[in-house]
Amino acid sequence: MTAAAVPSLSGVAAAHFPVEITVDVQPENAENFIDLSEHDTITVAVKQSEFVNSDGDSETFDPTERAVRYRFGSRLALEDGEGARPVEDGEIREPDDDAADGQASLVLTFPVDEMGFDGGEETAWLYWERDESGNHGYAGFDSVRVYRGQPASRSLIEQLQRLLGGETASSSD
C-alpha cells in the first residue's frame with residue numbers, strides 16, 4: 001500500500017525537480033509569515049547545497065555561479081509551470097562572521113501576487129530550472145505561514161500575552 005502511494009504523492013515534478021537545494025524564506029524573519037494582504041514581495045535566500053546526484057556523483061549547487069532561472073510559490077503553481085519569477089537577478093550575500101557554513105548565498109525577491117498562494121499554506125517551494133525549457137532542475141522548500149490579514153492560527157496564549165503587555169491586535173500587525 002505504501003509503495004503505491006509514493007508515486008501519486010510525489011507527482012511528475014518530483015522526478016524532474018529533486019529536492020536538493022537549501023532555501024530560507026525571509027532570511028531576516030525566522031517565523032516566515034507571508035501576509036497576502038500586506039506583502040508585495042518576499043525574499044528567499046538560496047544557499048550552497050551538496051548532494052549525491054542521480055549518477056551517484058557528489059555535486060555542489062552554488063547559486064552564485066548558476067543562471068538565475070527560479071520559480072517560487074505553492075507546489076501546485078510550480079507543478080503547473082507557473083509561480084513567481086525573481087524581480088531581478090538577486091543579490092549575493094556574504095556570510096556573517098558567525099555563520100556556521102561560511103558560504104555566500106543568493107537572495108532573490110519574488111512578487112507575492114504571482115506565487116499561487118491563497119492562504120493557509122505551510123510550505124513554499126523554489127524550483128531552479130536547469131535550462132530554458134523549464135522541465136528539469138532542482139527544488140527546495142521552507143516552512144511558511146501564509147495568511148490574508150490577521151493570522152488565523154494565533155493561539156489564545158499569544159493573544160493574552162499581547163493584551164497583558166498592553167498591545168492591541170492591530171498595533172504590531
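Here is a short walk through the structure, one selection at a time.

This is a predicted model, where local features need pLDDT of at least 70 and side-chain atom pairs count only at pLDDT 80 or more, while totals for chains, interfaces and linings use all residues. Residues are numbered from 1 along each chain as its sequence is written, and side-chain values use heavy atoms, with hydrogens and water left out.

**The whole chain**

Start with a cartoon view. You'll find three helices and eleven strands; these are DSSP runs, with helices being H or I of at least four residues and strands E of at least two, numbered from the N terminus. Along the sequence they run α-β-β-β-β-β-β-α-β-β-β-β-β-α. Of the 173 residues, 36% count as buried (buried is under 20% relative accessible area, exposed over 50%, partly exposed in between, with a 1.4 Å probe and protein chains only).

**Arg71 and Glu129**

Now select Arg71 and Glu129. They form a salt bridge, with the closest N and O atoms 2.5 Å apart (a salt bridge is a side-chain nitrogen of Lys or Arg within 4 Å of a carboxyl oxygen of Asp or Glu). Arg71 sits in strand β6 and Glu129 in strand β9, so the pair ties together parts 58 residues apart in sequence. Arg71 is buried at 3% relative accessibility, and Glu129 is buried too, at 4%.

Next, pick Arg75 and Glu79. Both lie in helix α2, four residues apart, about one turn of the helix. Glu79 is partly exposed at 35% relative accessibility, as is Arg75 at 23%.

Step back to Ser74, in the loop between β6 (70-73) and α2 (75-79). Ser74 is buried, at 8% relative accessibility. Leaving aside neighbours within four places in sequence, Ser74 is in contact with Met115, Gly116 and Phe117 (contact means heavy atoms within 4.5 Å).

Then go to Glu82, in the loop between α2 and β7 (91-93). Show the C-alpha atoms of Glu82 and Gly116: they are 34 residues apart along the chain, yet separated by 8.0 Å. With neighbours within four places in sequence left aside, Glu82 is in contact with Arg71 and Ala77.

**Last stop: Asp113**

Finish at Asp113, in the loop between β8 (105-111) and β9 (123-129). Asp113 counts as exposed, at 70% relative accessibility.
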